[in-house]
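Colleague: Hi! Could you walk me through this one? I'm new to reading strands and sheets.

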Amino acid sequence: MLPPSLGDPDLAGFGGTLLDDLAPEMSKIGYAIKVRIAHQRGTEGISVLAEKAKKVRIKPAFVEQPPLNIDGNDEYRPKQAKTLRKGLFKGKLGTLSARTAQPKPLVIPGARTTYNKPITTMAKVVLRFDPSEDGHEPPKLGSMATKLKVTTWFASAPRQSLPSRHTLGFDVSQGAYSENVTLSNLCIASAQWEMHDATESPVTEDSLARRDSGISDCSAASTNAEAAFVAGVLPASKDYKNGTFYTAQVLVPITLPGHKNFIPTFHSCLVSRIYTLSMKFAAQGGPGMHLKVPIQICADGSDTGIENARARSVEETQLQEAADIWTPRSVAPPSFSDIDSGTATRNNSVGAVRDELPPDYAAFAPPSRRYRTSIVA
């Protein structure tokens with residue numbers, strides 16, 4: 001996948017405004033169209049009369065990738081539980097649990113398109129309060145602060161895998177640069193708590209782990225946890241006493257600010273760009289909670305590019321269908337010598353390579369052989 005332009009202040013921007021793309025000085029991806037006019041002077045050889053390079057900004061389309069597997073990755077924190085107290089020297093009020101998941105991606109409009117709407121998506125946070133005693137009401141919520149952590153990975157030697165902070169201490173050729181961009185400060189005090197009884201509490205991973213190993217299934221526990229998150233009911237905390245509990249859901253809008261140039265999420269062997277969504281909030285009588293999950297930024301293709309690609313696809317299909325009509329076909333089976341030497345396989349692979357090559361590179365493919373067989377009745 002072609003990486004986008006990065007780190008060039010002359011090209012970073014949206015529309016006609018130059019914007020910061022949050023790239024460090026250690027990483028830069030640039031493209032240019034270079035023109036050279038040469039002259040043949042007899043036996044003196046070729047001399048260059050003029051040479052000019054023009055920078056161009058590459059903004060490829062990036063589709064949404066599968067969600068990142070963050071199990072066991074301490075860089076992210078999709079769930080957290082904290083103990084709430086009645087006061088400084090008083091007893092426990094209960095346990096507050098929170099969980100979120102990777103939201104849908106933020107999609108940047110394609111190049112040369114007029115798009116004045118904000119680039120937004122929605123994150124979901126599910127809360128659960130397990131009271132220490134029956135009769136304890138759920139806590140009051142305050143505000144939620146959201147930030148976007150922008151991380152650019154760079155390396156002086158090609159990497160063999162996706163970048164990770166675990167490898168920074170062992171590989172001196174890699175580095176990372178991060179910046180935090182403030183998104184919003186949302187009041188969540190109006191979140192509605194819903195009371196449930198013990199029969200509505202989903203099965204937890206711990207309850208499955210305590211069973212006999214012959215019937216324990218971690219994948220089933222994970223599936224149950226995901227289904228519970230979608231339904232808006234989290235598994236019980238370790239302090240749950242099989243009584244009533246409370247749940248709430250908070251929808252958090254995520255909007256990209258317009259004073260920065262956000263590059264789509266991409267990975268290459270030398271440079272990578274990733275984003276992390278950070279959500280901080282606190283409840284009355286308890287410490288702050290901090291959730292961190294990955295979030296993708298994708299990019300649409302330009303309207304002109306999509307139409308041109310569709311037209312080329314239709315034209316190539318029609319030309320291929322017309323060529324297949326006049327292409328001689330062989331109905332004879334391959335000879336035993338061809339089978340033994342693998343000639344038939346090679347001919348098929350050469351044809352496949354020729355068909356997969358772009359039109360401009362078809363001339364560099366190895367020549368294909370075509371056989372004509374006459375059938376005499």
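Colleague: Which residue in β14 is the bridge partner of His267?

Modeller: That is Ser272. A quick note before we go on: this is a predicted model, where local features need pLDDT of at least 70 and side-chain atom pairs count only at pLDDT 80 or more, while totals for chains, interfaces and linings use all residues. Residues are numbered from 1 along each chain as its sequence is written, and side-chain values use heavy atoms, with hydrogens and water left out.

Colleague: Thanks! What links β13 to β14?

Modeller: A hairpin does, through three residues. β13 covers residues 266–267 and pairs with β14 in the antiparallel sense over two bridges. Strands here are DSSP runs of E, at least two residues long, numbered from the N terminus, and two strands pair if DSSP finds at least two bridges between them.

Colleague: Back to Ser272. Is Ser272 buried or exposed?

Modeller: Ser272 is buried, because its relative accessibility is 0%. Buried means under 20% relative accessible area, exposed over 50%, and partly exposed in between, with a 1.4 Å probe and protein chains only.

Colleague: And what does the side chain of Ser272 make a polar contact with?

Modeller: With the side chain of Arg159, at 2.6 Å. A polar contact is a pair of N or O atoms within 3.5 Å; within protein, one must be able to donate a hydrogen and the other to accept it, and residues adjacent in sequence count only if both atoms are side-chain atoms. Leaving aside neighbours within four places in sequence, Ser272 is also in contact (heavy atoms within 4.5 Å) with residues including Trp153, Pro163 and Phe266.

Colleague: How many residues of β14 are buried?

Modeller: Eleven of its 13, so β14 is mostly covered.

Colleague: Which strand does β14 join through twelve bridges?

Modeller: That is β9 (residues 141–155), running antiparallel to β14. In that pairing, Leu141 stands opposite Ala283. β14 also joins β15 (residues 288–294) by seven antiparallel bridges, and Leu277 has Val293 as its bridge partner in β15.

Colleague: What sits between β14 and β15?

Modeller: Four residues, forming a hairpin, and Gly285 in the turn has a positive phi of about 85°.
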